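Here's a quick tour of a protein model for anyone who would rather look than read tables. Keep the viewer open and follow along.

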Amino acid sequence: MEESKLKVVPLGSFQRTRYCGQVNAEDIGKSIRLCGWVDSVRDLGALLFVRLRDREGVIQVVFKSDTDEDLRRRAEGLRSEFVIGISGVVAARTAENVNSQMATGEIEVLAEELLLLNTAETPPFEIGDDTTASEDLRLKYRYLDLRRPVVLKNFRLRHQLSLEVRDYMDQQGFFEIETPFLTKSTPEGARDFLVPSRVHEGCFYALPQSPQIFKQILMISGFDRYFQIVRCFRDEDLRADRQPEFTQIDIEISFPHYDVLFGIIEGMMKRLFRLSGIEVPTPFLRLPYDEVMERFGSDKPDMRFALELCELGAAFQQTSFEAFRRVLDHNGRIKGLRIPGGAQYSRNQIDHWTELVRQNGASGLAWIRSTEGGLRSSLDKVLRPGEAEAVFQAAGGTKDDLLLMVADAKAQKVFDCLNALRLAVGRKEKHAESGRYAFLWVVDFPMFEYHEEDRRFYACHHPFTSPKDEDVAYLTTDPGRVKAKAYDLVLNGTELGGGSIRIHDMQIQKEVFRSLGLTDQETAEKFGFFLEALRYGTPPHGGIALGLDRLVMLLSGEKSIRDVIAFPKTARGTCLMSDSPSAVRDEQLKELHIRLDH
């Protein structure tokens with residue numbers, strides 16, 4: 001066709017009357033106006049079919065030569081991703097032309113008017129759900145990737161979820177209150193993103209890692225119940241479920257009890273999961289941290305399957321096997337994972353699992369297998385007679401079972417290895433299939449963790465977490481013994497969020513800062529305004545922060561939160577679309593009193 005036959009025109013008075021995906025059989029015979037993107041064009045001579053796409057779906061538009069030959073000829077110039085407006089009449093498709101794969105497959109629009117609102121270059125990848133484009137390419141052209149129906153579906157769910165949160169929290173008597181993005185740096189967790197101040201030379205704001213202090217101050221202010229769907233920022237290494245900027249559902253209440261707070265969150269989960277047609281049974285299971293670690297090797301276990309770790313130290317107490325003897329002499333741990341029916345697994349599979357535990361820091365993987373001829377073990381040459389039988393019995397082993405064992409002087413390494421094994425076995429046995437949801441509250445976390453390299457304690461959650469009442473006396477004498485009023489909500493092996501009952505006593509808060517190695521001067525510099533606030537009638541309070549991105553990821557069935565964030569960063573923290581972070585002009589740095597040391 002000639003170029004003049006199809007030209008870009010202004011929208012003018014043309015007004016869309018329906019979304020493509022909302023047209024149905026009840027509209028047959030009606031005149032409608034549609035706007036959207038050309039998804040595909042199919043030319044059959046006398047008939048030309050255009051699939052028109054907008055955020056609500058796709059519909060077929062038909063151009064007929066015998067109805068309007070000029071309109072049909074003009075439509076030949078349409079290409080993928082052109083933006084058009086269409087006027088036409090809704091018609092039923094013939095029975096043989098019904099497309100059951102389309103929500104609008106029973107109908108089509110007989111075109112009467114065509115407006116070309118904009119052209120488009122050929123996209124670098126196909127705008128479809130089954131694209132083979134790499135993630136980097138899709139992130140570079142994120143505005144095109146967001147047009148794909150499967151991606152758009154995720155953001156519809158995210159929008160609905162946010163609305164549901166706000167409605168539910170309002171019904172529970174919460175106020176939504178915004179807290180500052182430009183605040184004071186109080187680095188006790190991840191690294192802060194710093195923002196230089198132009199008017200205060202040499203001083204910096206920090207972007208909030210969470211609204212923690214401000215929501216506690218709101219409790220001191222008497223607001224009683226606060227929530228916020230809030231953006232947070234952490235300058236930390238990224239993973240599939242981490243981003244430098246992320247969104248959380250932030251919640252705080254005054255005069256809390258576990259049952260009240262947990263009940264509010266469980267009620268919210270019921271509401272949110274119903275958006276996807278999932279009924280969540282409540283109350284959720286609660287287990288203390290120590291028990292969870294001993295049984296599953298992780299503080300965020302996947303509870304969709306019942307494989308549990310077993311303690312084998314006592315069974316090996318008299319062992320002459322040098323490697324295990326050395327572990328026990330150094331107060332190390334020997335634990336196992338019994339796999340019912342696991343004797344069927346080949347040596348190749350066991351070798352694969354051996355490599356897995358080595359990747360997690362173990363020196364190797366020992367095993368005992370039940371066979372028709374009796375027990376066989378990788379330790380047959382080094383165990384004394386009857387020892388394998390005693391160990392297998394201690395693990396609860398029965399016919400056709402396989403027992404996998406890890407030993408190390410560091411308990412955490414044993415837990416890490418066996419947790420990795422447990423998850424691998426669960427996936428292989430299809431225990432963790434999609435469509436199942438198992439919630440767990442993990443409670444009574446340690447208050448502190450000791451870092452050998454720094455020779456100091458760090459807060460396991462954050463320094464505003466309250467110690468358990470019976471452990472307050474150990475803050476100064478034995479910090480490693482202190483348990484905290486802290487809790488995490490776990491779903492299918494993913495931490496949805498964490499929270500705690502907070503410290504509302506100024507003296508206890510000061511003791512916690514001292515346990516973390518902060519001097520009184522450092523405490524005053526970093527947290528002086530907060531300690532001052534605690535002096536003025538602070539009620540008991542507590543709360544939780546839930547990851548909105550992770551919730552949407554789990555409900556949508558995606559593997560990464562990048563798929564449910566509109567403009568995510570890569571694993572290196574860069575935005576491929578906008579090419580950020582980027583250098584700035586020397587004049588900008590000079591205004592901020594910053595000089596780069598190259």
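Is L146 buried, partly exposed or exposed? Before the reply, one caution: this is a predicted model, not an experimental one.

## Starting at L146

With a relative accessible area of 21%, L146 is partly exposed, because the cut-off for buried is under 20%. You'll find L146 in the loop between α3 (142–145) and α4 (149–171). Leaving out residues up to four places away in sequence, L146 touches V151, L152, F155, A566 and F567.

## The overall picture

Zooming out, the protein has 16 helices and 22 strands. Its C-alpha atoms fill a box of roughly 95 × 75 × 55 Å along the principal axes. Of its 598 residues, 46% count as buried.

K590 belongs to helix α16 (residues 586–591), and at 67% relative accessibility K590 counts as exposed.

The largest nonpolar core has 44 residues, and W353, L402, L404, V406, L421 and F448 have the most contacts inside it. Several elements give two or more residues to this core, among them α7 (289–296), α9 (347–359), β16 (402–408) and α11 (411–428). Which element gives the most? That's α11, with seven residues.

Not counting residues up to four places away in sequence, W353 touches I339, Y345, L365, L402, L404, L421, A424, V425 and K428. There is also a second, separate core of 41 residues, which includes L157, I264, L546 and V564.

## Cavity and pocket

How many cavities of 30 Å³ or more are there? The count comes to one, and about 30 Å³ of space lies in the largest cavity. Its lining consists of P446, M447, A459, C460, H461, H462, T465 and A484, which divide into five nonpolar, three polar and no charged residues. Of these, C460 counts as partly exposed, at 27% relative accessibility.

The second largest pocket holds about 520 Å³ of space. It is lined by 22 residues, and F193, L207, K569, G573 and P581 are the closest to its centre. Strand β7 (residues 193–196) supplies the largest share of that lining, three residues. By type, the lining of this pocket divides into 13 nonpolar, three polar and six charged residues.

## Cysteines

A disulfide is a covalent bond between the sulfur atoms of two cysteines. How many does the model have? The count is zero disulfides. Take C232: the nearest cysteine sulfur, that of C575, is 20 Å away, and C232 is in no disulfide. C232 is also buried, with a relative accessible area of 0%.

Most residues other than glycine have a negative phi, and most peptide bonds are trans. Here are some exceptions to check in the viewer. A cis peptide bond joins T282 and P283, with omega about 0°; P283 has its place in the loop between α6 (258–274) and β11 (285–288). The peptide bond from S580 to P581 is cis too, with omega near 5°, and P581 lies in the loop between α15 (548–556) and α16. P581 has already come up as one of the residues closest to the centre of the second largest pocket.

As for phi, D579 has a positive value of about 60° although it is not a glycine. D579 is found in the loop between α15 and α16, and it is exposed, with a relative accessible area of 57%. D224 also has a positive phi without being a glycine, at about 75°. D224 lies in the loop between α5 (212–220) and β9 (225–233) and counts as partly exposed, at 30% relative accessibility.

Note on methods. Residues are numbered from 1 along each chain as its sequence is written. This is a predicted model: local features need pLDDT of at least 70, side-chain atom pairs count only at pLDDT 80 or more; totals for chains, interfaces and linings use all residues. Side-chain values use heavy atoms; hydrogens and water are left out. A nonpolar core is a set of buried Ala, Val, Leu, Ile, Met, Phe, Trp, Tyr and Cys residues joined through side-chain atoms within 4.5 Å. Buried means under 20% relative accessible area, exposed over 50%, partly exposed in between (1.4 Å probe, protein chains only). Helices (H or I, at least four residues) and strands (E, at least two) are DSSP runs, numbered from the N terminus. Contact means heavy atoms within 4.5 Å. A disulfide is a pair of cysteine sulfur atoms within 2.5 Å. On a 1 Å grid over the protein atoms alone, a cavity is a set of points where a 1.4 Å probe fits but cannot get out, and a pocket is an open set with protein on both sides within 12 Å along at least five of seven lines; lining residues have an atom within 4 Å of a point. Grid points are joined across faces, edges and corners, and a volume is the space filled by probe spheres set on the points. Ala, Val, Leu, Ile, Met, Phe, Trp, Tyr, Cys and Pro count as nonpolar, Asp, Glu, Lys and Arg as charged, and the others, Gly among them, as polar.
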